[in-house]
Amino acid sequence: MKKKKSIVFLGYSTFPFGFAEVQKIILISKSLILEGNEVTVICRNGYLNIKDHPDFKPTGIYEKIKYIYASGSCFRNDHFFKRRLNQIKGKINEVLILKKQKRNNSLDYAILSTRSFYSVFYYKILSKIFGFKIILNYVEYYSAIKKQNLEIGKRINDYLFDKYTPSLSDSIFPISEFLINQVKSVAPEKKYLKIPGLTDFGKYDDIEIIANEEYFLFCGDSTYKEVILFVIDSFEILNNNSVFLYLVIGGLQRNIKEIKDYINNQHQKDRIIIFSNLAEKQLYTYYKNAKGLLIPLRPTFQDFARFPHKTGEYLASGNPVISTNYGEVKFYFKDKETMLLAESYEKYKFAEKMQYVIENPTQAMEIGKKGKDVASKIFDYRIVAPQINNFLELQF
């Protein structure tokens with residue numbers, strides 16, 4: 001008989017609104033709940049924008065997942081001193097919440113979603129005090145992420161994180177083969193379970209196909225400006241007046257402005273459209289109606305190590321996905337069978353795959369359908385749920 005387990009998520013502070021990391025927290029939580037476990041997401045402090053979510057409460061249930069903002073507020077306070085007081089309050093209350101959870105026999109595991117070495121070290125101490133085990137949600141090779149020359153603190157943190165946090169954890173959820181090898185090199189004794197980019201395939205159940213203009217779509221944060229410019233350059237090579245390029249971009253406004261300025265200097269500028277702050281259903285509608293979905297990966301340690309959450313969401317639409325043959329995609333997909341994979345990170349090579357979709361619409365849609373079929377067997381959180389649950393049971 002399976003033992004009901006109580007799991008908390010620690011280290012992240014924008015639940016349930018956010019991008020890849022938040023979505024992974026949600027989908028792992030839903031997997032665990034599907035197997036009869038209890039999950040609570042504890043956010044130490046709140047960083048949500050009150051204008052975006054004015055009615056959101058600091059405690060509640062989201063898709064059967066309990067959540068608590070320990071500071072008592074889920075919003076970022078604009079006043080410096082009040083913000084600091086909330087941080088202190090959040091840190092104290094977080095400890096009190098964990099103490100109460102343990103006293104009520106509701107604290108078996110904590111899954112850590114953070115890129116801070118110091119937070120992992122801190123939670124390791126708390127795990128010893130309260131007697132719970134910690135799992136590291138390992139989703140990036142942080143040492144490989146580009147930083148400014150003066151960001152010495154980030155460089156030190158990221159080095160310490162990749163070098164030592166696997167050893168501090170009781171077990172690990174690496175997202176890629178690259179990170180599995182990293183775990184083996186620094187903490188060979190630790191148990192791990194590879195959890196790729198999980199997806200909720202049910203999100204497309206009520207999405208309609210709408211007759212509209214034909215377009216390729218890229219969705220991502222403006223911090224990946226290099227990749228976005230690569231996509232624009234690839235689209236320019238097509239020089240085709242029958243399709244548009246849709247860019248769904250969030251993040252820093254200064255980066256978005258630089259991207260807009262770049263577009264204004266392109267010949268195809270009138271066929272490149274930027275969207276921001278789309279509602280979830282609207283975003284999935286754009287995915288569902290795209291001619292092709294774009295997610296180029298670079299030949300870098302960063303892209304070898306990660307598995308973009310958008311990959312699973314793209315594939316779940318059933319439309320053809322265009323990427324490059326680097327990192328995790330090559331372990332799951334084949335060119336012109338289940339995905340369209342440029343052999344190298346070159347704009348001409350990538351444009352060739354986009355041109356293939358234009359010239360071979362029937363074959364491209366078949367590739368999209370087969371890609372969805374493969375993804376549904378690997379990335380659907382409902383399929384992965386028993387694996388995660390069994391892994392946890394082996395840790396007791």
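Select Lys310 and Glu313 to begin: lysine 310 is buried, and so is glutamate 313, where buried means under 20% relative accessible area, exposed over 50% and partly exposed in between (1.4 Å probe, protein chains only). The model is predicted, so local features need pLDDT of at least 70 and side-chain atom pairs count only at pLDDT 80 or more, whereas totals for chains, interfaces and linings use all residues. Residues are numbered from 1 along each chain as its sequence is written, and side-chain values use heavy atoms, without hydrogens and water.

The side chains of lysine 310 and glutamate 313 form a salt bridge at 3.8 Å, N to O (a side-chain nitrogen of Lys or Arg within 4 Å of a carboxyl oxygen of Asp or Glu). Both residues belong to helix H10 (residues 309-316), 3 residues apart, about one helical turn; helices are DSSP runs (H or I, at least four residues), numbered from the N terminus.

Next, select Asp380 and Arg382, whose side chains meet in a salt bridge of 2.8 Å, N to O. Aspartate 380 is buried at 7% relative accessible area, whereas arginine 382 is partly exposed at 40%.

Then display Lys30, Glu63, Asp200, Lys203 and Glu280, which a network of salt bridges links.

Move on to the largest nonpolar core, of 92 residues (buried Ala, Val, Leu, Ile, Met, Phe, Trp, Tyr and Cys residues joined through side-chain atoms within 4.5 Å). Phe216, Leu217 and Leu245 are among the residues with the most contacts inside this core, and helix H6 (residues 225-238) gives the most to it, with 7 residues. Finally, select Ile25, Leu32, Val39 and Phe391, which are included in a second, separate core of 32 residues.

Conventions:
Helix = DSSP H or I, 4+ residues; strand = E, 2+ residues; numbered from the N terminus.
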